[in-house]
Amino acid sequence: MKLVIGIVRPEKANDVLEALYRAEVRGVSLSRVQGHGGELDQVETYRGTTVKMGLADKVRFEIAVSDPFVEPTIQALREGAQTGEVGDGKIFVVSLEQVVRIRTGETDNAAVTPVGP
Ligand SMILES: Nc1ncnc2c1ncn2[C@@H]1O[C@H](COP(=O)(O)OP(=O)(O)OP(=O)(O)O)[C@@H](O)[C@H]1O
Ligand SMILES: [Mg+2]
């Protein structure tokens, strides 16, 4: 199991949700975050040129998946979020130790995938 973290442009969040749905990936958390992608903005000040790190609003997806869904999840994030311009965001894939569904006590692969209507 992996936790796929995708940080994307807020205006692309709905496209990502649709792409995830088409890929049959269910179960997702979203949060608003601020981040910086590494670019440094040159700013003129009275004491000379300094650099400033500006923060941009982003949406952070967290998606816990079983191994067969890792690549489809990455593809869905790219499909939904890519514009080709700098700042499209980033995907991090992290090993996931354990998942527990609170209602049933199911664990791991049985617990990552939502069941029923
Ligand atoms: N190394 C990193 N660690 C944590 N968060 C990051 C990292 N790189 C980018 N992010 C997050 O992703 C957001 C978008 O980053 P961004 O798309 O600018 O990445 P990039 O690597 O600079 O790619 P690009 O060249 O397309 O700009 C950032 O605002 C930040 O929230
Ligand atoms: Mg960047």
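Which space does ligand 1 take? Ligand 1 takes the space of the largest pocket. A pocket is found on a 1 Å grid over the protein atoms alone, as an open set of points with protein on both sides within 12 Å along at least five of seven lines; a molecule sits in a pocket if more than half of its atoms lie within 2 Å of its grid points. This is a predicted model, in which local features need pLDDT of at least 70 and side-chain atom pairs count only at pLDDT 80 or more, while totals for chains, interfaces and linings use all residues. Residues are numbered from 1 along each chain as its sequence is written, ligands are numbered from 1 and chains lettered from A in the order in which they are written, and side-chain values use heavy atoms, with hydrogens and water left out.

**The shell around ligand 1**
- The residues around ligand 1 include Ile7, His36, Lys58, Asp88 and Phe92, where being near requires a heavy atom within 4 Å.
- This shell consists of 3 nonpolar, 5 polar and 4 charged residues; Asp, Glu, Lys and Arg count as charged, and Gly is among the polar ones.
- Strand β6 (residues 89–95) gives the largest share of the shell, 3 residues; strands are DSSP runs of E with at least two residues.

**Backbone atoms facing the ligand**
- A backbone N or O atom of Gly89 lies 2.6 Å from an oxygen atom of ligand 1.
- For a backbone N or O atom of His36, the distance to an oxygen atom of ligand 1 is 3.1 Å.
- For Gly35, the corresponding distance from a backbone N or O atom to an oxygen atom of ligand 1 is 3.3 Å.
- Of the 600 Å² of accessible area that ligand 1 has on its own, the protein covers 66%, by the Shrake-Rupley method with a 1.4 Å probe.

**Strand pairing**
- Strand β1 (residues 2–8) pairs with strand β5 (residues 56–65) in the antiparallel sense over 7 bridges; pairing requires at least two DSSP bridges.
- Within β5, Val59 is the bridge partner of Val8, and Glu62 stands opposite Ile5.
- β1 also pairs with β6 in the antiparallel sense over 7 bridges, and Lys90 in β6 is the bridge partner of Ile7.

Technical notes. A polar contact is a pair of N or O atoms within 3.5 Å; within protein, one must be able to donate a hydrogen and the other to accept it, and residues adjacent in sequence count only if both atoms are side-chain atoms. On a 1 Å grid over the protein atoms alone, a cavity is a set of points where a 1.4 Å probe fits but cannot get out, and a pocket is an open set with protein on both sides within 12 Å along at least five of seven lines; lining residues have an atom within 4 Å of a point. Helices (H or I, at least four residues) and strands (E, at least two) are DSSP runs, numbered from the N terminus.
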